[in-house]
Amino acid sequence: MPTQSRLFTPILVGGSLILLINFALRASFGVFQIPIAADFGWPRAEFSLAIAIQNLAWGIGQPIFGALAERWGDRWAIILGALLYSAGLILTSMATTPATMQLLEVMVGFGIAGTGFGVILAVVGRAASDDNRSLALGIATAAGSAGQVFGAPLAEVLLGFYSWQMVFVIFGAIVLSCLLFLPMLGDGKPASRHELEESLGSVLGRAFRDPSYLMIFVGFFSCGYQLGFITAHFPAMVTEMCGPISPMGTLASIGITTTSALGAAAISLIGLANIAGSILAGWLGKRYTKKYLLAGIYTLRTIAAAAFILLPITPLSVIVFSLVMGALWLATVPLTSGLIAYIYGLRYMGTLYGFVFLSHQLGSFLGVWLGGALYDAHGDYTLVWWVGVGVGALSALIHLPVREAPSRLPAAAAAV
């Protein structure tokens, strides 16, 4: 895939549109938390576990789809991902037991992996020039946030007209629209046998022996924990823990009259703020040391989360927190993926980022599952929130010793 000197190319636009659709639907799952529990009378932990399994499958699937894209080409990996994503959503609409729903979320998670960051960011990163790469990755990440802006509110609106089962079917059909943008991504030629052997052997082995790669791997865990918990539980947390909305206030005047609607709007606000946050992070990543930017982002997240839970939870504090956290939400993604590309090169960025993203999804699994389990045990989300504050502080510290310098590549990979 040739390097482009222009920033906005068909590859960047097509990849961004696929990520927009992917994240619009994925970010809406927290809105279904209460309707599904009410429909079946399940404990909160049951659907939480389904979302947690989805996130874990997404993480496991990410390096697999990265390797598939390198072997067979990007298009085939994305097609397979879209088909799995759509089928998983439609089949989930037919589930009537927790175990069935949890099993089907494995399919959804793999589908998200095939149409998500690991594959798309590798395509965008390889196509961008050195000068534009960090910003291009930030723009593609921001596109995912743009999807988050309307994903949760769309689900909330549709639930006002249809059952949650029908909304899942509608979402399954929407996923397939990703395939319309495949021609914009170029050829995506697969790697040669020699390159693949080198990837799975030399490059991965060298990365996992590198303390810096392991620190990036561990550091991305807290990002997943915080994002997974907030996406899956924040709408319900706001519904139940936020103070009442004044019927004469600004929120009521724009149609947000219940804390349930505010919870869905909070996810949208996070996505809206992150459009700017991701682009800014990509722009800064070209000019400043990425590891220090990452440490700063995790520090600010930790402060924001601690302040939110210590202060009374009101409609105003929900809005302020959503905007602050949104600005930091996926700002870690262009910096983390850009850091991997800078240290290890572009040829196997999809696979290497995929394994780091697995750590992100292990954190996401824990955040989503613990959110439901500790809620059922204690009746609120306070304890699991404080765990998130702690892991955020750990990530801020662990990025500081990362050695941000190009690693010596094998001859074949260096030639790419």
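Sorted by class, four nonpolar, three polar and five charged residues form the lining of the second largest pocket, where Ala, Val, Leu, Ile, Met, Phe, Trp, Tyr, Cys and Pro count as nonpolar, Asp, Glu, Lys and Arg as charged, and the others, Gly among them, as polar. The model is predicted, with local features needing pLDDT of at least 70 and side-chain atom pairs counting only at pLDDT 80 or more, while totals for chains, interfaces and linings use all residues. Residues are numbered from 1 along each chain as its sequence is written, and side-chain values use heavy atoms, with hydrogens and water left out.

The second largest pocket holds about 300 Å³ of space. A pocket here is an open set of points on a 1 Å grid over the protein atoms alone, where a 1.4 Å probe fits, with protein on both sides within 12 Å along at least five of seven lines, and lining residues have an atom within 4 Å of a point; the volume is the space filled by probe spheres set on the points. Its lining includes Asp130, Asp131, Arg133, Lys286, Lys290 and Tyr342, and the elements that give two or more residues to this lining are α7 (133-159), α12 (259-287) and α15 (332-344).

Axes are lines fitted to C-alpha atoms over the stretch in contact, and angles run from 0 to 180 degrees between N-to-C directions.

| Helix pair | Axes come within | Crossing angle |
|---|---|---|
| α3 (residues 44-72) and α6 (residues 117-127) | 8 Å | roughly 40 degrees |
| α3 and α4 (residues 74-92) | 6 Å | roughly 140 degrees |

The crossing of roughly 40 degrees makes α3 oblique to α6, since angles under 35 degrees count as roughly parallel, over 145 as roughly antiparallel, 65 to 115 as roughly perpendicular and the rest as oblique. Gln62, Phe65, Gly66 and Ala69 of α3 meet Phe117, Gly118 and Val119 of α6, contact meaning heavy atoms within 4.5 Å. This α3 with α6 contact has four nonpolar, three polar and no charged residues.

The crossing of roughly 140 degrees likewise makes α3 oblique to α4. On the α3 side the contact is made by Phe65, Leu68, Ala69 and Trp72, and the α4 residues include Trp76, Leu80 and Leu84.

Note on methods
Helices (H or I, at least four residues) and strands (E, at least two) are DSSP runs, numbered from the N terminus.
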